Number of protein chains: 2
Amino acid sequence: MEKKYLFSPGPTMLPPEVLLKMAEPIMHHREPEFEKIFAEIREGLKYLFQTKNEVLIFTSSGTGAMEGAISNLLSKGDKALVVRGGKFGERWGEICKAYGIEFIPVDVEWGRAVDPEKIQEILKSNPSIRAVYTQASETSTGVKHPIKEIAEIVKKFENTLIVVDAITGIGVFNIPMDEWGLDVVISGSQKALMLPPGLAFAALSDKACKFVERSDLPKYYFNFKKELKSAQKNQSSYTPAISLFVGLRETLNMIRREGLEGVFRRHEKLAAATRAAVKALGLELYAPESPSNALTAVKIPAGIDGLKLQALFFEKFGITVAEGQDRAKGKIIRIAHLGYYERLDMVMVISALEMLLKEMGYKFELGKGVKAAEEILMT
Amino acid sequence: MEKKYLFSPGPTMLPPEVLLKMAEPIMHHREPEFEKIFAEIREGLKYLFQTKNEVLIFTSSGTGAMEGAISNLLSKGDKALVVRGGKFGERWGEICKAYGIEFIPVDVEWGRAVDPEKIQEILKSNPSIRAVYTQASETSTGVKHPIKEIAEIVKKFENTLIVVDAITGIGVFNIPMDEWGLDVVISGSQKALMLPPGLAFAALSDKACKFVERSDLPKYYFNFKKELKSAQKNQSSYTPAISLFVGLRETLNMIRREGLEGVFRRHEKLAAATRAAVKALGLELYAPESPSNALTAVKIPAGIDGLKLQALFFEKFGITVAEGQDRAKGKIIRIAHLGYYERLDMVMVISALEMLLKEMGYKFELGKGVKAAEEILMT
């Protein structure tokens, strides 16, 4: 018998009841029924992003909203600061480059969190920086960056925004947008939102809206100003991915029923159990100091072929875990636990890891990882 | 009992078996199984677009691919020619404007097809025009533009491309890309492809690829060059709308089983029947000279409130027909018949139209529209 399990940091496993809801006959996006769904979604997203402001929705992958956060906030000649501690930090730099925006990178060793002091130093000596681009959770390394601390620094610079790619942060750990004074927060549907890929989100502060007003970079499909106006009429500017909207209403309701605190606590528990299990097996975390609760990046021990381990996960157990990307390729595996995951899901993946490592000749006591996980999952 | 029917030109009705296929547990887009699907889709799209070249796929609405066809083909200082005979023609102009591209509009009365001679004149006197942007089927008016004739003209200009928004043309009537020498052909998932909205397509000729190489306009998410490379590895550059890809394989297979000729013949028959019915009721077509087989735009007769008629369709019969857009608002209704539509679907919508018009006091003989349709549907 074949069963399949996703433990990749996007797409993630999806609730079957939501999949079936999305399989209902499609409705038209200019019907009152859709506008009602849109209105509910707007409220649900505000709750999820912890903001009173509008959360824009685009039919695209998360990268589309990242691009929009550059083309809609900056103007010709503006400078940016980019935190680069992984593949997605690098993406901020690539988008800046595509738009001719000069940026100062803060390069961070993969697996480490950025030091907010460095950001402060650069902002002080470069008053022309108009925005700081960072990740909340760097999906390629499993690191959580200190967003609250960065926001406190950026707040001191009146003409500078803080833009947070929280694609694997929102709905995983606490990122209270308004309370922390974040200007733009981005997410995507295929992560903690428990949906297929295809929707991207961008929440904007009042300060960010002012930058949108003056921005002169070219944009059309990812036009924040136009989308703000459309959203206020419970509409998208262009034909939206209707079925994903229908699913989104469902998953936002699931999140609301569990409550944000419950959602964060669950992710904290699953992540802590996974980390404890990994350590109990004698393995090392790739991001030991500031791990994200979205996923656990595990260093491949000496003598074990990382790509083979990843392949065996799928072959023997139908489990998709993520390999390392770019410079981390073959050096880590990434086990995700964001979205539709509960305690016993983690037991499964840890157990599979144990059986595979044993088979591959790695020395440890079978069952020790699961035991360490259980001790936390029981609390 | 409530039943609902979509007769709008996107989204269109969807095959339930495809909806259920998309409701299966989601797979990861870097798995061999997904790459296999991607490879099949590439072949299916080449068949559908009648091209040997690559058809790029973007997770976005069709507008995203339209934007890409400007930002990836043109360079700073290039000029464009834009056929504007409806809302979507106007969109070409808006995108040009967003990118600082000067364009010469060929304004066409709504409901009429463009005269290719005008395009030839403008191209002759403006050698700096690098691309002609047009629709194959202008969804806002129900007009079919003479693409073959336009292509023959553009072909004479070595440094000029013909770019066709065939969002409601592909899979409806014959647009043989390679045979006619079209450089870029665009479509979207929620039209004849019988899927929810969320995917956009752009097929590129070799000549178009050369323009892509030299283009210097900013772009990131809609990057044709990058997407071409990814497609050749059966991958998307960014996380794709996986469930729509899964559905796309199914609907492309449906199209292949029916055969393009069968698909075109079916649309021709449904469209001819609808037009005959409308005329038999004494109504006028909005695009009498060059109607598109994707949809039939019908003029609202004097004394009838067009917006009320559209509202009653939904209220009394659960049918969504499209109203007129912008300057055609209240003046027409648009009845779509592209995608998952068969003969009796048209009987339903024509019958509903008869009953509603009768109720609203329009004078005609009940049943005459259905009779005229049947005479064609029987052939």
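These questions and answers concern a predicted model.

Reader: How many residues of domain 2 of chain A are in contact with domain 1 of chain A?
Author: Chain A is divided into domain 1, covering 5–11 + 259–377, and domain 2, covering 17–257. Their centres, taken over C-alpha atoms, are 27 Å apart. On the domain 1 side 25 residues take part in the contact, and on the domain 2 side the number is 26.

Reader: Which elements give two or more residues to the side of domain 1 of chain A that touches domain 2 of chain A?
Author: By class, that side of domain 1 of chain A has 13 nonpolar, eight polar and four charged residues. Two or more residues each come from helix H11 (260–280) and strand E11 (295–299) of chain A.

Reader: How many residues on the side of chain A that touches chain B are nonpolar?
Author: The contact joins 40 residues of chain A to 40 residues of chain B. Helices H1 (16–22), H3 (62–71), H4 (87–98) and H10 (242–258) of chain A each supply at least two residues of the chain A side. Of the residues on that side, 14 are polar, four are charged and 22 are nonpolar.

Reader: Is Val164(B) buried or exposed?
Author: Val164(B) lies in strand E8 (residues 161–165) of chain B. Leaving out residues up to four places away in sequence, Val164(B) touches Thr134(B), Ala136(B), Ile147(B), Leu182(B), Val184(B), Val185(B) and Ile186(B). A residue needs 20 or more other C-beta atoms within 10 Å to pass the cut-off. Because Val164(B) has 29 C-beta neighbours inside 10 Å, it counts as buried.

Note on methods:
Residues are numbered from 1 along each chain as its sequence is written. Chains are lettered from A and ligands numbered from 1 in the order in which they are written. This is a predicted model: local features need pLDDT of at least 70, side-chain atom pairs count only at pLDDT 80 or more; totals for chains, interfaces and linings use all residues. Domain bounds come from an automatic or database domain assignment. Two residues are in contact if their C-beta atoms, placed from the backbone, lie within 7 Å. Helices (H or I, at least four residues) and strands (E, at least two) are DSSP runs, numbered from the N terminus. Ala, Val, Leu, Ile, Met, Phe, Trp, Tyr, Cys and Pro count as nonpolar, Asp, Glu, Lys and Arg as charged, and the others, Gly among them, as polar. A residue is buried if 20 or more other C-beta atoms lie within 10 Å of its own, exposed if 12 or fewer, and partly exposed in between; C-beta atoms are placed from the backbone.
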